[in-house]
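Me: I would like to learn how to read a few features of a model like this one, one at a time. Could you take me through them, giving the general idea before the particular case?

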Amino acid sequence: MKKKNVMNTKTIAMMGVLIALQIAASRLLAINLSPSLRLSISDSFILLAGIWFGPIGGALVGGLADLVGCLIKGDAYLPILGAAPILVGFLAGCLSPVFKKSRNILVYGGMIGGISAVTSVLYRSWAFSVVFGAPFASYVGPRALQAVFLVTLNTIVVYTLYRSPVTVLVQEQA
């Protein structure tokens, strides 16, 4: 039996498209409320990368999108903050079998909400408290409110795109 090559040209190209979409969503289409709060659907593309390409593919898209996005915008790249999108992609990849089996948008919302609770509310709050020197608790409340809104948006985007013909194109062999 021939071993399936996961990182073929088509996969790498699709990952590049997701990186570009994530950068556009996070750097160009985002609404910055404060240095630590941004309204954006950018996690949607990292979540899709994890679902389509597994934990490694999701982590790669998350990490590279954050790094390239910082370089393009001229922001300093902080690895402590860059770990969050890597974790988003990795966790989505670990949960990809559940995403793939479910046709229920509430299941998607629950999984995306769980990923957001770990990565955005807890991890990013901690990372911002380290970077800016403010108490952890001062970030958790606002980030939790932000997460409620963004989980809803990201769930709609991910569910719609995953259940669309785009997934068939992604999953076809190159």
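Me: Does Phe 128 count as buried or exposed, and at what relative accessibility?

Reply: This is a predicted model, in which local features need pLDDT of at least 70 and side-chain atom pairs count only at pLDDT 80 or more, while totals for chains, interfaces and linings use all residues. Residues are numbered from 1 along each chain as its sequence is written, and side-chain values use heavy atoms, with hydrogens and water left out. Buried means under 20% relative accessible area, exposed over 50%, and partly exposed in between, with a 1.4 Å probe and protein chains only. Phe 128 has 9% relative accessibility and therefore counts as buried, whereas Phe 132, at 46%, counts as partly exposed.

Me: How many aromatic pairs does a search of the whole structure find?

Reply: A pair of aromatic rings is described by the distance of the centres and the angle of the planes. Rings of Phe, Tyr and Trp (its six-membered ring) pair if their centres lie within 6.5 Å, and planes under 30 degrees apart count as stacked, over 60 as edge-to-face and the rest as tilted. The search of the whole structure finds seven such pairs. In one of them, Phe 128 and Phe 132 have ring centres 5.7 Å apart and planes at 10 degrees, so this pair is stacked. Both residues belong to helix H5 (residues 105–132), where they are four residues apart, about one turn of the helix; helices (H or I, at least four residues) and strands (E, at least two) are DSSP runs numbered from the N terminus. Elsewhere, ring pairs join Phe 99, Tyr 108, Tyr 159 and Tyr 162 into a cluster.

Me: Which residues does Arg 143 touch, not counting residues up to four places away in sequence?

Reply: Contact means heavy atoms within 4.5 Å. With that sequence exclusion, Arg 143 touches Ser 36, Leu 37, Ser 120, Val 121, Arg 124, Ser 125 and Phe 128. Arg 143 lies in helix H6 and counts as buried because its relative accessibility is 3%. Under the same exclusion, Ser 120 touches Ile 115, Ser 125, Arg 143 and Gln 146.

Me: Where is Ala 147 found?

Reply: Ala 147 is found in helix H6 (residues 137–162), and its 8% relative accessibility is why it counts as buried. Leaving aside neighbours within four places in sequence, Ala 147 is in contact with Ser 116 and Val 121. Ala 147 and Ser 116 are 31 residues apart in sequence, with their C-alpha atoms 6.6 Å apart in space.

Me: What span should the 26 residues of H6 have, and how far apart are its end C-alpha atoms?

Reply: The expected span of a helix is 1.5 Å times one less than its number of residues. H6 should therefore span 38 Å, and its end C-alpha atoms are 35 Å apart, which agrees. Its buried residues, among them Tyr 139, Leu 150, Asn 154 and Val 158, pack against strand S2 (37–39), H2, H4, H5 and helix H7 (165–171). Helix H3 (residues 79–94), with 16 residues, reaches 22 Å from its first C-alpha to its last, close to the expected 22 Å. The buried residues of H3 include Gly 82, Pro 85 and Val 88, and its buried residues pack against H2, helix H4 (96–101) and H5.
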